[in-house]
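Reader: Could you take me through the aromatic side chains of this model and the criteria behind each assignment?

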Amino acid sequence: MHAPEFFAELRLPFPSGTTVGTTYYATPIAGSPLRLQIGFTATQYRNAYGGLRLTVMHMERGKIDAVALSFADHGTFRRRQGQLHGRNMPDTFNITLASPGKPSWEGADFTGLRDAIERYAGIWFPGTWTASAPSRAASRSAHATPSPPAARSGARTR
């Protein structure tokens, strides 16, 4: 499956992050009892995955919160639509259908998925999403907010 390579392509910024088997684990805030666990969500097909499940775990209390992020909702495989692999299960990746020497998620665009992970991590682990792992959303140009009109004096002008 090559899960470490998959999570490396996501460019997750947690210095303590590691992949064990097919699951990514991180302690985003040093000394905190909260941990982040990211695993794949299965589909009805063998060896096929439809998204990621993010789980916040407390060392003593167990699971605190979880959210499933589907590849379909985040446009992860939209680019590869129309290819043989994409026609069969367009919003998944299947490790048995991969081309030799290529990852099973070939053609993936991780931008939307990565942005969703960033937003979720920002809720539970504020300030941990570092500038060392830039997001496409962060690079979008900012729009200037118009300043409020100057305060009017009591005199009327025409």
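Reader: Is F6 buried or exposed, and at what relative accessible area?
Author: The model is predicted, so local features need pLDDT of at least 70 and side-chain atom pairs count only at pLDDT 80 or more, while totals for chains, interfaces and linings use all residues. Side-chain values use heavy atoms, without hydrogens or water, and residues are numbered from 1 along each chain as its sequence is written. Buried means under 20% relative accessible area, exposed over 50% and partly exposed in between, with a 1.4 Å probe and protein chains only. F6 is therefore buried, with a relative accessible area of 0%.

Reader: What kind of aromatic pair do F6 and F71 form?
Author: Rings of Phe, Tyr and Trp (its six-membered ring) pair if their centres lie within 6.5 Å, and planes under 30 degrees apart count as stacked, over 60 as edge-to-face and the rest as tilted. The centres of F6 and F71 are 6.3 Å apart and their planes stand at 55°, so this pair is tilted.

Reader: How many residues apart in sequence are the parts that the pair of F6 and F71 ties together?
Author: Helices (H or I, at least four residues) and strands (E, at least two) are DSSP runs, numbered from the N terminus. F6 lies in helix α1 (residues 3-10), whereas F71 is in the loop between β5 (62-70) and α2 (84-88), so the parts tied together are 65 residues apart.

Reader: Which residues form one aromatic cluster?
Author: F71 counts as buried at 0% relative accessibility, and F7 is buried at 3%. Both belong to one aromatic cluster, formed by F6, F7, Y24, F40, Y49, F71, F77 and F110.
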